[in-house]
Every structure is written in C-alpha cells, then in structure tokens.
Amino acid sequence: MSFLWAIIAGLIIGLLAKLVVPGRQPIPLWLTTILGIIGAVAGNALATAFGVRDTGGIDWIRHIFQIGVAALLIAFVTPLWARRRHA
C-alpha cells in the first residue's frame with residue numbers, strides 16, 4: 001500500500017508544483033508523478049534537516065519544501081523534455 005500512496009502523493013505534489021511554475025510545462029503525467037515523488041522524498045529530507053518534519057497538526061512547512069523541490073525539478077526538466085521532443 002505504501003507504494004500506491006507514494007504514487008498518489010507524487011501525483012498531487014507534482015500537479016501542485018506545475019501550478020507554481022510559471023508558463024506551460026508540456027511534460028507527460030507520468031513524468032510529473034515521478035518528479036513529484038522525488039520532490040516529496042527530497043522535501044522530507046530538507047524538512048528533517050531543518051528540524052520541521054514533524055510538527056503539531058498539518059506539516060505545512062514540510063509540504064512547502066516538497067512542492068518547492070518538485071517545482072524546481074519540473075522547471076529544470078521541462079526545457080530538456082521539450083528539446084528532446086523537437087530534436
């Protein structure tokens with residue numbers, strides 16, 4: 001079940017990250033999900049490093065880290081994907 005939850009969380013985080021990145025990101029949904037999963041893992045690591053991974057209530061700071069890392073990944077990968085598709 002944790003694998004399924006990782007995919008669902010990656011999809012949500014990836015889609016939220018695409019909303020944060022300005023412009024259009026013509027990358028497929030599967031790549032958005034993978035980048036969201038990577039962003040979630042890296043965001044958790046950053047939240048742990050800053051000591052804010054587990055807080056009382058909803059872990060907003062951790063989620064901001066996750067979405068931020070995923071947004072950076074999407075911003076980095078989108079031009080590479082577009083160039084690959086047009087080459």
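Does V69 count as buried or exposed, and at what relative accessibility? Select V69 to begin: at 15% relative accessibility, V69 counts as buried. Here buried means under 20% relative accessible area, exposed means over 50%, and partly exposed lies in between, with a 1.4 Å probe and protein chains only.

**Before going further**

The model is predicted: local features need pLDDT of at least 70, side-chain atom pairs count only at pLDDT 80 or more, and totals for chains, interfaces and linings use all residues. Residues are numbered from 1 along each chain as its sequence is written, and side-chain values use heavy atoms, with hydrogens and water left out.

Colour the chain by pLDDT, the predictor's confidence in each residue, from 0 to 100. The average for the protein chain is 91, and 97% of the residues score at least 70.

**The whole chain**

Show the protein chain as a cartoon. Its secondary structure comes to 3 helices and 0 strands, and the pattern along the sequence is α-α-α. Helices (H or I, at least four residues) and strands (E, at least two) are DSSP runs, numbered from the N terminus. Among the elements, helix α3 (residues 60-86) has the lowest mean pLDDT, 91, while α2 has the highest, 95.

The C-alpha atoms fill a box of roughly 50 × 30 × 20 Å along the principal axes. Of the 87 residues in the protein chain, 34% count as buried. Consider also the contacts, where contact means heavy atoms within 4.5 Å. Among contacts between residues at least 6 apart in sequence, 61% join residues at least 24 apart.

**Helices α1 and α2**

Select residues 2-20, which form helix α1, and residues 29-49, which form helix α2. Two packed helices are described by the angle between their axes and the distance between the axes. For α1 and α2, the angle is about 100° and the axes are 7 Å apart. The axes are lines fitted to C-alpha atoms, for helices over the stretch in contact, and angles run from 0 to 180 degrees between N-to-C directions. Helices α1 and α2 are therefore roughly perpendicular to each other. Angles of 65 to 115 degrees count as roughly perpendicular, under 35 as roughly parallel, over 145 as roughly antiparallel, and the rest as oblique.

Now display the side chains where the two helices meet. On the α1 side, select A6, I7, G10, L11, I13, G14, L15 and K18; on the α2 side, select L29, T32, T33, G36, I37 and A40. The residues of this contact divide into 8 nonpolar, 5 polar and 1 charged. In this division Ala, Val, Leu, Ile, Met, Phe, Trp, Tyr, Cys and Pro count as nonpolar, Asp, Glu, Lys and Arg as charged, and the others, Gly among them, as polar.

**Along helix α2**

Select L31, which is placed in helix α2. L31 is buried, with a relative accessible area of 10%. Not counting residues up to four places away in sequence, L31 touches V77 and W81.

Move on to N44, also found in helix α2. N44 counts as buried because its relative accessibility is 17%. Leaving aside neighbours within four places in sequence, N44 is in contact with R53, R62 and Q66.

The next stop is L46 in helix α2. L46 is partly exposed, at a relative accessible area of 34%. Beyond residues up to four places away in sequence, L46 touches F65 and V69.

Then select A47, in helix α2. A47 counts as buried, at 0% relative accessibility. With neighbours within four places left aside, A47 is in contact with V52, R53, R62 and F65. Draw a distance from A47 to I61: the two are 14 residues apart in sequence and 7.4 Å apart in space, C-alpha to C-alpha.

Return to V69, which lies in helix α3. Not counting residues up to four places away in sequence, V69 touches G39, A42, G43 and L46. The C-alpha atoms of V69 and F3, 66 residues apart along the chain, are separated by 20 Å.

Which side chain meets that of R62 in a salt bridge? Select D59: the pair is joined at 3.1 Å, N to O. A salt bridge is a side-chain nitrogen of Lys or Arg within 4 Å of a carboxyl oxygen of Asp or Glu. By this rule the count comes to 1 salt bridge. Both R62 and D59 are buried.
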